[in-house]
Amino acid sequence: DYNERLAEFEARIKRGEKIEPGDWMPEEYRRQLIRMISQHAHSEVVGMLPEGAWITRAPTLKRKMILVAKVQDEAGHGQYLYHAAETLGVSREAMLEALLAGKAKYSSIFNYPTLTWADIGTIGWLVDGAAIKNQTMLAACSYGPYSRAMVRICAEETFHHKQGKEMVLLYAKGTPKQRQMAQDAINRWWWPALMMMGPHDQDSPNTEVLVRWGIKTKTNDQVRQEFINEHAPEILEAGLTLPDPDLRYDEKTGNWLHGPINWDEFWQVVNGNGPMNKERLEARRRAHAEGAWVREALEAYAAKRQRTAVA
Ligand code: FAQ
């Protein structure tokens, strides 16, 4: 019966076994995974837009090639993740429909504008840095397809992180104008990067069940703390400042403590009222409409091949 199956399922997770697509799982486990993986997939795809906007304006051929490769990687990550979600019984069409209808969530961070070239370096350093902390934790998750996708994605994000950090460190040592551009980008992206990991643990309704079933192996605040502990000292060492007057190193815990996060701003952005939400959805809808002929051609080709195979 159900309780026996649940006990066996939880015992498997405790033993560190991966749950695979055909295996028995509680409906709530399936629902939580579809929710998280589809939001993650949408984030990768929408996440191409802020950086994609700078491909034609990259300052050198080398920077342009790096950026093209990075944006292309995000498309690939979206693909793995839609596939991982499909193993749970949801269709790609249904997920995309929810995104285009404005019903699906995707990461708050991609609703901020990229105002200068230094934003591209800063996204690599901070946004990919935050994504790596979160995804390294998810690479250890109990669902096989998601965990394996995370291993590959983290390897690619590490390259994104390095190119971003290298760029910002270079500008931090550059001309006064470059330094000012780097500082301005850090000022604008720091707080949104801290919001990426989601609300504080006491305000995070999903964490408890996700941790119990090994989907999350760390909580939002734990991941956020890891991110700050790595990035705050590196940014300060580069001679840049952080826009948090309360930020300080705590000898006792070895943590960098931060001031209050503006959760009103976070919920505004999550609920569709961030600076770029409307533009992002419009861009996705336009891309979907403009790609209709590709989907039609693929269907026509598949139908033709099936006819030939039968004949
Ligand atoms: N934005 O109960 P919790 C990338 C929602 S990385 C929007 O704490 P949970 C790479 C949450 O969905 C970015 N919504 O939620 C890249 C929930 O709403 P729901 C994507 C957020 O799931 C880099 C509600 O608030 N990464 O794309 C956010 O336990 C550079 C309550 O929150 C992932 O998606 C937010 N920031 O913890 C690409 C990783 N935070 O669904 C391009 C997978 C929370 O109940 C360039 N996801 N919400 O209606 C996760 O690890 C988790 O879902 C968290 C949130 C940690 C994001």
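Biologist: How many helices and strands does the protein chain have?
Modeller: Bear in mind that this is a predicted model. Going by DSSP runs, the protein chain comes out with 13 helices and 2 strands.

Biologist: What radius of gyration does the protein chain have, and why call it as compact as a globular protein of that length?
Modeller: For 311 residues the globule rule gives 19 Å, and the protein chain is close to that, so it is as compact as a globular protein of that length. The C-alpha atoms fill a box of roughly 70 × 50 × 30 Å along the principal axes. The radius of gyration itself is 21 Å.

Biologist: Which element gives the most to the largest nonpolar core?
Modeller: That core has 64 residues, and I37, L126 and Y146 are among those with the most contacts inside it. Elements giving two or more residues include α2 (27-46), α4 (61-86) and α7 (144-172). The top contributor, with 10 residues, is α6.

Biologist: Which residues does I37 touch, leaving out those up to four places away in sequence?
Modeller: I37 is one of the residues with the most contacts inside the largest core. Setting aside those sequence neighbours, I37 touches L81, A84, A85 and Y146.

Terms used
Residues are numbered from 1 along each chain as its sequence is written. This is a predicted model: local features need pLDDT of at least 70, side-chain atom pairs count only at pLDDT 80 or more; totals for chains, interfaces and linings use all residues. Helices (H or I, at least four residues) and strands (E, at least two) are DSSP runs, numbered from the N terminus. The radius of gyration is taken over C-alpha atoms; the globule rule is 2.2 Å times the number of residues to the power 0.38. A nonpolar core is a set of buried Ala, Val, Leu, Ile, Met, Phe, Trp, Tyr and Cys residues joined through C-beta atoms within 7 Å. A residue is buried if 20 or more other C-beta atoms lie within 10 Å of its own, exposed if 12 or fewer, and partly exposed in between; C-beta atoms are placed from the backbone. Two residues are in contact if their C-beta atoms, placed from the backbone, lie within 7 Å.
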